[in-house]
Amino acid sequence: MIASTVDSASPVALTEGDRLAVDGLVLDVRVSARRKRFALTVELDAEVTLHAPQGRPAADAADFVRAHRSWVMDKVALRERTRPLTPPKRLVEGEVFRYLGRTYRLAVEEELAENASVRLVAGRLVLSGAQIADPALGRAALVSWYCRTGRQWARGRLQPWAARMGVPEPALEVSDLGGRWGSYRPGPPDGRRPGLMSLGWPLFQLPMHLVDYVVAHELAHVKVHGHGPDFWSLLGRALPEFQERRTELDELGRRMWMGDIA
């Protein structure tokens, strides 16, 4: 199904799945009845998404996009500069994988069960012969290992960082976030459950200090929504060198394996 492209001067309300053309920009439209304001995101592939409240016309959305065009173009340029460079991995003996900044080579033990968990033994990541032979099976086993070991490692980092930033410690999960390093979802207003920090499994290929940066970044969202001055001020008090780490993450992160198998 091909999405319709809406003219920026249209008085008709935007609908989910529309594409909005504004002065040479074409934006994917997402509509939510719960949203009260327009918002923009620039995705990892440099595509731009407009988040719109239900019932708002294209003309209003176009005015919002024009007012934020400079921000959008800066973000698009950044995405173009930081597109992933790493080729897919091969499931062969000796292939290199990273964990917390160190490199480990793949090893095969033919006698292991098909559903055996990946193990790190003597500096090697050990997979079964069946996992090596089946790309989907091998990928799933490796991703599961990153999720399991990453969560175990990160659990020990939350409390010190949360204490430093003066925020409650959230629940933690490690999963596939579709290319994002992390996210934070607040708990219910009654405070009966904590918020949830999600970390993407590819994050745990990076050096520890960059994982710490992402943890601190998401913890700042416990107190401050969005990325305004208050957010960066809070993060800067806890991590004065955050700008250097952010730049390093943009450059090194694009070289990490994101799950593609050759």
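Contact here means heavy atoms within 4.5 Å. In this predicted model, 52% of the contacts with a separation of 6 or more in the protein chain are made by residues 24 or more positions apart.

The protein chain holds 7 helices and 12 strands. Along the principal axes, its C-alpha atoms fill a box of roughly 65 × 45 × 35 Å. The chain has 262 residues, of which 43% count as buried. Its accessible surface is about 14,300 Å², and carbon and sulfur atoms account for 50% of that area.

In soluble globular proteins, nonpolar side chains tend to be buried together. In the present model, the largest nonpolar core comprises 51 residues. Within this core, the residues with the most contacts are L142, M165, L199 and F204. The element that gives the most to the core is helix α4, which spans residues 135-165 and supplies 12 residues. For L142, when neighbours within four places in sequence are set aside, the residues in contact are L91, F97, L106, V118, L125, L127 and W257. Another core, of 22 residues, lies apart from the largest one. Its members include L14, V48, A52 and A62.

Charged side chains were also counted. The protein chain carries 36 positive and 32 negative side chains. The centres of these two sets lie 5 Å apart.

Notes:
Residues numbered from 1 in each chain as written. Predicted model: local features only at pLDDT ≥ 70, side-chain atom pairs only at ≥ 80, totals over all residues. Heavy atoms only, no water. Helix = DSSP H or I, 4+ residues; strand = E, 2+ residues; numbered from the N terminus. Buried < 20%, exposed > 50% of the residue type's maximum accessible area, 1.4 Å probe, protein only. Areas by Shrake-Rupley, 256 points an atom, 1.4 Å probe, with all protein chains shown as cover. Lys, Arg positive; Asp, Glu negative; His and termini not counted. Charge placed at Lys NZ, Arg CZ, Asp CG, Glu CD. Core = buried A, V, L, I, M, F, W, Y, C linked by side-chain atoms within 4.5 Å.
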